[in-house]
Amino acid sequence: MVAPRVYQAMSQPVVGHLDPFFFEVVDQVRTLLGYVYSTTNRFNIAISGTGSASMEAAVANFAEPGQKFAVLTNGFFGDRLGEMARRQGAEVVRLAKAWGEPFDPQEVRDFIRHERPRVVAFVQAETSTGMFNQAKPICEAAREVDALTITDCVTSLGGMPVLVEDNGIDIAYSCTQKGLGCPPGLAPLTVGPRALDRLKARTSTVHSFYLDLQLLETFYFGHKYHHTASATLFYALREGLAMVAEEGLENRWERHRRNHLAFVAGIEAMGLTMLVAEEHRLWTLNTPRIPEGVDDAKVRQYLLERRNMEIAGGFGPLAGKVFRIGTMGYGSTAENVFLILEALEEALKHAGYTAAASGRGAAEKVLGATTTTPNFISLAT
């Protein structure tokens, strides 16, 4: 869900992509991205494109032909990282787990020590499964062999602790339309000093012109033409990030955690179970298992047609086995948790499943029956 004040910010007059005011907004975005990523990195930019653009930028700039690129994958987007690296000509080595199964830290260390890659890539928040992968043990093992780490934070940024510097992440990327409460179209990326040194020492040409970070640096930092960026989307991102800063990261994380716990309590009261073990779950995206005999397409169609709600189904090996339900960003409120639980119970009944108990009732016990949506001060000017 997009916050109303983000819509308001988008109504400001469009300026050119080389206008001084545009670069004022870019600089504000850079500073705010440092806060949201929990880093003092200088190189914080928002690439023109969706989250997959920043994923490809990270891979294209740091995966070199013939060099070993390690991918830790336990879901769809981990696999996508590997495919992007393969197309760059890197030698891809994989530590693969079943979708939704966590990595064992010792297994990760042994794998990285054995393979000794130049880059280690993993997904912190795996959107396909609802899994949160711990970054610190992966980054520590990568540093032991002088490998850079690329971390996918698409479904964690703005909703869960990313902690770039505390975890030792070298390159992290995300999107705008999930935890930041903005429309899709920009892809926030942060690059640390170790990675920048590696990039500047690179001898082979980056295969992508559009996503070449050194060329993008001349645009975002040097104010020289590279491409036509959307001022409107930058207005939106600046406003969404300002909302994060006003709420405070810790408060925002706690809001997401509590609403996630309330949602899970409601799901379990209804008699459903979660795919991912409790200690590895995302707070921003939930994956309840679909009850036996229930057609997930029928449930999702009912919600869309009768309640004007859209939830996602599983894909790959999880197709027909889980729902994927977001509780993130501006949409992570008690009211929305209660609303989706009531609607899901109704849709499941329509599909032939009767809930064991009231999902909303269980969620209310976690959150309290009286709740309000956070009230933010508008910065749209």
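A charge is said to sit over a ring if NZ of Lys or CZ of Arg is within 6 Å of the ring centre and within 35 degrees of the ring normal. The exercises below apply this and related criteria to a predicted model.

**Exercise 1. Determine which charged residues lie over the ring of Phe 221, and at what distances from its centre.**

Solution. Begin with Arg 30, whose charged end sits over the ring of Phe 221 at 4.0 Å from the ring centre. Continue with Arg 42, which lies over the face of Phe 221 at 4.6 Å from the centre of the ring. Each of these distances can then be set against the limit of 6 Å.

**Exercise 2. Classify the ring pair of Phe 21 and Tyr 235, and state which parts of the chain it ties together.**

Solution. A pair of aromatic rings is described by the distance of the centres and the angle of the planes. A search of the whole structure finds 11 aromatic pairs. In the pair of Phe 21 and Tyr 235 the ring centres are 6.2 Å apart and the planes stand at 55°, so the pair is tilted. Next, locate the partners: because Phe 21 belongs to helix H2 (residues 20-37) and Tyr 235 to helix H10 (residues 231-247), the pair ties together parts that are 214 residues apart in sequence. Finally, consider accessibility, where Phe 21 is partly exposed with a relative accessible area of 34%, whereas Tyr 235, at 3%, counts as buried.

**Exercise 3. Classify the pair of Phe 23 and Phe 219, and decide whether each residue is buried or exposed.**

Solution. The ring centres of Phe 23 and Phe 219 lie 5.7 Å apart with the planes at 70°, and the pair is therefore edge-to-face, since an angle over 60 degrees falls in that class. The pair links distant parts of the chain, with Phe 23 in helix H2 and Phe 219 in helix H9 (residues 213-220), 196 residues apart. Phe 23 counts as buried at 4% relative accessibility, and Phe 219 counts as buried at 0%. To complete the picture, Phe 23 and Phe 219 form one aromatic cluster together with Phe 22, Tyr 220 and Phe 234.

**Exercise 4. Describe how helix H13 packs against helix H12 and against helix H14.**

Solution. Two packed helices are described by the angle between their axes and the distance between the axes. For helix H12 (residues 296-307) and helix H13 (residues 334-350), the angle is about 120° and the axes are 9 Å apart, which means that H12 is oblique to H13. H12 passes H13 in a right-handed crossing, and the residues that meet there include Tyr 302 and Leu 303 in H12 and Leu 339 and Ala 343 in H13.

Turning to helix H14 (residues 359-367), its axis and that of H13 come within 8 Å and cross at roughly 160°; H13 and H14 are therefore roughly antiparallel to each other. H13 passes H14 in a right-handed crossing, and among the residues making the contact are Phe 338 and Leu 341 of H13 and Ala 363 and Leu 367 of H14.

**Exercise 5. State what phi values Arg 116 and Leu 163 have, and place each residue in the chain.**

Solution. Most residues other than glycine have a negative phi.

Note on methods:
Residues are numbered from 1 along each chain as its sequence is written. This is a predicted model: local features need pLDDT of at least 70, side-chain atom pairs count only at pLDDT 80 or more; totals for chains, interfaces and linings use all residues. Side-chain values use heavy atoms; hydrogens and water are left out. Rings of Phe, Tyr and Trp (its six-membered ring) pair if their centres lie within 6.5 Å; planes under 30 degrees apart count as stacked, over 60 as edge-to-face and the rest as tilted. Helices (H or I, at least four residues) and strands (E, at least two) are DSSP runs, numbered from the N terminus. Buried means under 20% relative accessible area, exposed over 50%, partly exposed in between (1.4 Å probe, protein chains only). Axes are lines fitted to C-alpha atoms, for helices over the stretch in contact, and angles run from 0 to 180 degrees between N-to-C directions. Angles under 35 degrees count as roughly parallel, over 145 as roughly antiparallel, 65 to 115 as roughly perpendicular and the rest as oblique. A crossing is left-handed if the near helix is turned anticlockwise from the far one by less than a right angle, and right-handed if clockwise. Contact means heavy atoms within 4.5 Å.
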